[in-house]
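Here is a friendly briefing to read alongside the sequence and the 3D view. Keep both open as you go through the points.

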Amino acid sequence: MNYTELVNAVTNYTENTVTTAVMDTFITQAEQRIYNTVQFPSLRKNVTGTVTLGNKYLSCPEDFLATYSIAVIDADGNYDYLLNKDVNFIRQAYPNTGTAYYGLPKYYALFGPSVSGATISNELTFILGPTPDALYSVELHYYYYPDSITVTSDGHTWLGDNLDSVLLYGSLVEAYTYMKGEQDMVNLYNGKYQEAVGMAIRMGDGLERSDAYRSGQFRVAPLPQNTGVK
C-alpha cells in the first residue's frame with residue numbers, strides 16, 4: 001500500500017475528508033506507535049566509525065533510537081562485541097586517571113547528549129570502558145525511525161509494502177480519535193489494529209528471529225505445531 005492508497009482508504013473508511021497536514025499526522029503517529037511496539041529486524045541500520053586513543057566517547061547517529069549491538073574491530077580484524085553497562089559502572093571500573101585504564105573497550109553505556117560550551121546537542125553519546133588505547137574501527141547496529149510514508153519520494157515504505165494492515169488500522173485509530181467518532185467504531189478499529197499488531201509481532205519478534213544466535217534479545221516463541229501424536 002503506497003501513500004495515495006493509504007490516504008484514500010482512511011478517507012473512505014471514515015467517510016470524512018481532512019487536510020493533508022492532519023492526515024499526515026494520523027499516519028506518522030500510527031507509524032511511531034508501531035515502531036515502538038514491534039522491534040522489526042528489517043528496520044535496523046548498520047554504520048561504521050572510529051574511536052581514537054584516549055577518547056572514551058562515541059557519538060550516536062542522528063537517527064539513533066536504540067542499540068542492537070556495538071563491536072570494536074581490532075588491528076587483526078577481530079570483532080569484539082561490547083556489553084551494555086550503566087555510566088556508573090564504567091566510571092568506577094575505569095576512572096579517568098591516565099593510561100593505566102586504557103585498553104580494548106569491553107563495555108559501553110549511553111552517556112547522554114554532548115555538551116560544547118553552553119550548547120547541548122540533541123544527539124546521544126556512548127561512553128566506552130576501558131578508554132581506547134589505540135585507534136579502532138567500530139561497527140554499530142541500531143534501531144531507527146525510517147522515513148515516514150508521508151515524505152518518501154515514491155510513496156512506498158517497508159511497512160506499507162509488507163504490513164499494510166497494521167499501518168491502515170493504526171491510522172484509522174488515530175483518525176477516529178481525532179474525529180471523536182462513535183465509541184463502538186473506535187473499539188472496532190482498535191481491535192483490528194491489535195490483531196494486525198499481533199501479526200506484526202509474530203513476524204518481527206518471532207519468525208525473523210527464529211534462528212538468531214543471540215538468545216538474549218527479545219523473541220516471541222513460535223506457535224506450537226500439531227504433530228498428531230497424543
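Lysine 180 counts as exposed, at 73% relative accessibility, where exposed means over 50% relative accessible area, buried under 20% and partly exposed in between, computed with a 1.4 Å probe on protein chains only. Lysine 180 sits in the loop between α5 and α6 (183-206), and helices here are DSSP runs of H or I with at least four residues, strands are runs of E with at least two, and both are numbered from the N terminus. Please bear in mind that this is a predicted model, in which local features need pLDDT of at least 70, side-chain atom pairs count only at pLDDT 80 or more, and totals for chains, interfaces and linings use all residues. Residues are numbered from 1 along each chain as its sequence is written, and side-chain values use heavy atoms, with hydrogens and water left out.

**Backbone points to look at**

- Lysine 180 is not a glycine, yet it has a positive phi of about 55°.
- You will find this residue just after α5.
- Glutamate 15 also has a positive phi, of about 55°, although it is not a glycine.
- Glutamate 15 belongs to the loop between α1 and α2 (20-35).
- With a relative accessible area of 73%, glutamate 15 is exposed.
- Which two residues does a cis peptide bond join? They are glycine 129 and proline 130, and omega is about -5°.
- Proline 130 is in the loop between β8 (119-129) and β9 (131-132).

**Helix α5 and its residues**

- α5 has 15 residues, and its first and last C-alpha atoms are 21 Å apart.
- That reach is close to the 21 Å expected at 1.5 Å a residue, the expected span being 1.5 Å times one less than the number of residues.
- Is α5 mostly covered or mostly uncovered? It is mostly covered, with eleven of its 15 residues buried.
- The buried residues of α5 include Val166, Gly170, Val173 and Glu174.
- Glutamate 174, in helix α5, counts as buried at 13% relative accessibility.
- Leaving aside residues up to four places away in sequence, glutamate 174 touches Phe26, Gln29, Ala30 and Arg33, where contact means heavy atoms within 4.5 Å.
- Tyrosine 169 and glutamine 194 are 25 residues apart in sequence, while their C-alpha atoms are 8.7 Å apart in space.
- Glutamine 194 lies in helix α6 and counts as partly exposed at 44% relative accessibility.

**How α1 packs on α5**

- Two packed helices are described by the angle between their axes and the distance between the axes.
- Helix α1 (residues 3-14) and helix α5 (residues 164-178) pack at about 50°, with their axes 10 Å apart.
- That makes α1 oblique to α5, since angles under 35 degrees count as roughly parallel, over 145 as roughly antiparallel, 65 to 115 as roughly perpendicular and the rest as oblique.
- These axes are lines fitted to C-alpha atoms, for helices over the stretch in contact, and the angles run from 0 to 180 degrees between N-to-C directions.
- On the α1 side, the contact has Leu6, Ala9, Val10, Tyr13 and Thr14.
- On the α5 side, it has Leu167, Leu168, Tyr169, Ser171, Leu172, Ala175 and Tyr176.
- By class, this contact of α1 with α5 has ten nonpolar, two polar and no charged residues; Ala, Val, Leu, Ile, Met, Phe, Trp, Tyr, Cys and Pro count as nonpolar, Asp, Glu, Lys and Arg as charged, and the others, Gly among them, as polar.

**How α1 packs on α2**

- The axes of α1 and α2 come within 11 Å and cross at roughly 95°.
- α1 and α2 are therefore roughly perpendicular to each other.
- Tyr3, Leu6, Val7, Val10 and Thr11 of α1 make the contact with Thr20, Met23, Asp24 and Ile27 of α2.
- The contact of α1 with α2 has six nonpolar, two polar and one charged residues by class.
- Among the buried residues of α2 are Val22, Phe26, Ala30 and Ile34.

**The chain as a whole**

- The protein chain has six helices and ten strands.
- Of its 230 residues, 39% count as buried.
- Among contacts between residues at least 6 apart in sequence, 72% join residues at least 24 apart.
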